[in-house]
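Colleague: I'd like to learn how to read helix packing and pockets. Could you walk me through a case?

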Amino acid sequence: MTNTDTTATGVPRAGGAGRLGALTVSRIGFGAMQLPRLRDDRAAALAVVRRAVELGVDHIDTAQFYGDGFANDVLREALRPEDGVTVVSKVGATPHSGGPHPMRLAQKPEELRASVEDNLKSLGLDRIPVVNLRRASRAPGLIAEGDQVVDIDDQLAVMTALRDEGKIDAIGVSHVGIDELRRALPAGPVCVQNAYSLVARDDEEMLRLCVAENIAWVPYFPLGSAFPGMPKVTDESAVLTVAESLGRTPAQTGLSWLLHHAPNVLLIPGTANAGHLEANVATGTITLDAQALATLDAVPTR
């Protein structure tokens, strides 16, 4: 194996090698959003993160507003410099434990700067490899109102300043439309993090733009929406049929489709369960033949 085939710890990369800006990372990463479910069992939370590293994961996605800093705190304790893990965080919201939602929007430039500082402190880092600017101009999720409606150019100006100051290495954008992405291109985004799955492919044109611009495509809700009443990949009959033929789970099949669909896809499925984590990583060993891909491609976007 060449060194790009393994992580810094010498483990084969989960899902093979992908690109995140100038960095090589495993195509199957880990999303820390569900770690706060283990708030009452910190040892279990630490064990999940350590298991991810053991399985060849070296791209972990987090945010200060995940569990009011709990996820970041666990990552700071669990990860070691020699693991070589690329930690990606996001700004655009802050914890709001006493409110109707666990987070509140924080879109203003001064709030973005404060959020980066909060992430640096809670993660115990001198600089963050990538920080995603999470916009709030479209559904699903909270929509910006009043003074939280901020032009993306003003937001990118402070993100670029933070990069110039050495507090972050690279900028990503999240929850954006194609016009916003085009406006962001001069800032050199290394990734786009949008809701996207087999059953939610409205952003296909944006995905093609990202392939052309060598921008990583990092889908959240990769198995469909967590919102009630929204379609789920694992409910599709075509997915169930292909999964059965492969001897895999519907979830693994849906994740595998994403890896096969475009070369710039990086996955960050989240879980608080080690067994589920292992199943997610095993997705990287699935090969979908032309017939399976055609069957899955025919599933309509909803």
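Modeller: We'll take helix pairs, then pockets. This is a predicted model, where local features need pLDDT of at least 70, side-chain atom pairs count only at pLDDT 80 or more, and totals for chains, interfaces and linings use all residues. Residues are numbered from 1 along each chain as its sequence is written, and side-chain values use heavy atoms, with hydrogens and water left out.

Colleague: At what angle do helix 7 and helix 10 cross?

Modeller: Helices are DSSP runs (H or I, at least four residues) numbered from the N terminus. Axes are lines fitted to C-alpha atoms over the stretch in contact, and angles run from 0 to 180 degrees between N-to-C directions. Here helix 7 (residues 237-246) and helix 10 (residues 290-297) cross at roughly 160°, their axes coming within 9 Å. That's why the two helices are roughly antiparallel (over 145 degrees; under 35 is roughly parallel, 65 to 115 roughly perpendicular, the rest oblique).

Colleague: Which residues of helix 7 and helix 10 meet?

Modeller: Contact means heavy atoms within 4.5 Å. A238, V239 and V242 of helix 7 touch A292, T295 and L296 of helix 10. By class, this contact has five nonpolar residues, one polar and no charged (Ala, Val, Leu, Ile, Met, Phe, Trp, Tyr, Cys and Pro are nonpolar; Asp, Glu, Lys and Arg charged; the others, Gly among them, polar).

Colleague: And how do helix 2 and helix 3 pack?

Modeller: Helix 2 (residues 70-78) meets helix 3 (residues 109-123) at about 40°, with axes 8 Å apart, so this pair is oblique. On the helix 2 side are N72, D73, L75 and R76; helix 3 brings N119, K121, S122 and L123. That makes two nonpolar, three polar and three charged residues.

Colleague: Now pockets. How much space lies in the largest pocket?

Modeller: On a 1 Å grid over the protein atoms alone, a pocket is an open set of points where a 1.4 Å probe fits, with protein on both sides within 12 Å along at least five of seven lines; lining residues have an atom within 4 Å of a point. Volume is the space filled by probe spheres set on the points, which are joined across faces, edges and corners. The largest pocket holds about 1,200 Å³. Its lining has 36 residues, with M33, Q34, Y220, F221 and A226 nearest the centre, and splits into 17 nonpolar, 14 polar and five charged.

Colleague: Which residues lie closest to the centre of the second largest pocket?

Modeller: That pocket has about 400 Å³ of space. Of its 21 lining residues, P140, A195, A200, D202 and M230 are closest to the centre.
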